[in-house]
Amino acid sequence: MKKGYNELKMTVDAKSVNESFCRAAVGAFIAQLDPTVEELSDIKTAVSEAVTNCIVHAYAEQDGKIYIQVRITDGVYTEIKIRDTGCGISDIAKARQPLFTTLGGDRSGLGFTVMESFCDVLRVRSKPGQGTTVVIEKRIFGKR
Amino acid sequence: MGVRMIPQGTNLYAFLEGEIDHHSAVFLRTSIDEALVQSCPRELVLDFSGVTFMDSSGIGLIMGRYRAASAQDCRVRVMNVKERDLRLMKMSGLEKIVEFGVCV
Ligand SMILES: Nc1ncnc2c1ncn2[C@@H]1O[C@H](COP(=O)(O)OP(=O)(O)O)[C@@H](O)[C@H]1O
Ligand SMILES: [Mg+2]
């Protein structure tokens, strides 16, 4: 057993009713690091953004799976991977720009901006037609 | 998640409660827009004091209500947003189009 290492893996259906479950589950797993209220809600918000993107963009509200992996290393670093096998993103740099959205309606185009500003690192890998992986990293300083 | 819609004089109050995400926003949007059409207020007041979580869907919700309200000559005011969510709202430049009331 590696000290300070812990991992969670889960697969959920891409249904909007699961958005709250996903952020709550990741939050509950991270809770062992004794995060501040602020850190916890930063992570929940980022997870909510990434999961919502899988549902509304990757699978366009059709059936699909969302793969979530959370890794804790050295007892303070969290790395959260959220992967889909949906439509993919052709221009990642453009997609990450604030206010950019390919959907009209009530999408604000701020999902990536929120993930970026609430976490330390945001990496996006994608292949059109194959899917997208979003990796969020955040160090938890906690209440100590 | 829910919303209580209360018309008062020329104002229409929307007291939002619980978590705002893409899932709950669908219901919130319908409830607010229906009341908006019914009571034709001068001002729509979105009260966030009961909101325990929001992601960027909350911003989309406000922007969408701003569009719906503007179409019927109604202003929008946002009240009692928590400090943290205000930070999120400011990323969107929302304060340029809607008025912010007391924030906590
Ligand atoms: N998982 C994904 N699969 C396919 N496209 C995506 C995915 N995530 C984001 N996108 C694209 O990036 C754009 C910007 O995403 P985001 O910043 O979250 O804004 P919004 O969700 O409001 O459109 C989306 O409009 C979409 O075109
Ligand atoms: Mg999004």
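Q: How many residues of chain A are in contact with chain B, and how many of chain B with chain A?
A: In this predicted model, 27 residues of chain A are in contact with 22 residues of chain B.

Q: And what area is buried between chain A and chain B?
A: About 1,900 Å². Carbon and sulfur atoms give 50% of that area.

Q: Which three residues supply more of the area that chain A buries than any other three?
A: A:R23, A:D106 and A:F118. Together they supply 29% of what chain A buries against chain B.

Q: OK, salt bridges. How many does the rule find across the interface?
A: Eight between chain A and chain B. One of them joins B:R87 to A:D42, with the closest N and O atoms 3.8 Å apart.

Q: How many residue pairs in polar contact?
A: The rule finds 16 across the interface of chain A and chain B, counting pairs with both residues at pLDDT 80 or more.

Q: Which helices of chain A each supply at least two residues of the side that touches chain B?
A: Helix 1 (19-30), helix 2 (37-58) and helix 4 (111-118). Helix 2 gives the most, with ten residues.

Q: What does that side look like by class?
A: On the side of chain A that touches chain B there are seven nonpolar, eleven polar and nine charged residues.

Q: Let me pick one residue. Where does A:T45 lie?
A: In helix 2 of chain A.

Q: Buried or exposed?
A: A:T45 is buried, because its relative accessibility is 0% and the cut-off for buried is under 20%.

Q: What does the side chain of A:T45 make a polar contact with?
A: With the side chain of B:R84, at 2.8 Å.

Q: Which residues is A:T45 in contact with, leaving aside neighbours within four places in sequence?
A: In chain A, A:V114 and A:F118. From chain B the list has B:F53, B:M54, B:D55, B:R84 and B:L88.

Q: Changing topic: how many disulfides over all chains?
A: The count comes to zero by this rule.

Q: Then how far is A:C87 from the nearest cysteine sulfur?
A: The sulfur of A:C54 is the nearest, 10 Å away. A:C87 is in no disulfide, because the cut-off between the sulfur atoms is 2.5 Å. A:C87 is partly exposed, at 42% relative accessible area.

Q: What about A:C119, which is also in no disulfide?
A: For A:C119 the nearest cysteine sulfur is that of A:C54, 15 Å away. A:C119 counts as buried, with 8% relative accessibility.

Notes: Residues numbered from 1 in each chain as written. Chains lettered and ligands numbered in written order. Predicted model: local features only at pLDDT ≥ 70, side-chain atom pairs only at ≥ 80, totals over all residues. Heavy atoms only, no water. Contact = heavy atoms within 4.5 Å. Buried area = accessible area lost by both parts, 1.4 Å probe. Salt bridge = Lys/Arg side-chain N within 4 Å of Asp/Glu carboxyl O. Polar contact = N/O pair within 3.5 Å; in protein donor to acceptor, adjacent residues only side chain to side chain. Helix = DSSP H or I, 4+ residues; strand = E, 2+ residues; numbered from the N terminus. Nonpolar A, V, L, I, M, F, W, Y, C, P; charged D, E, K, R; others polar. Buried < 20%, exposed > 50% of the residue type's maximum accessible area, 1.4 Å probe, protein only.
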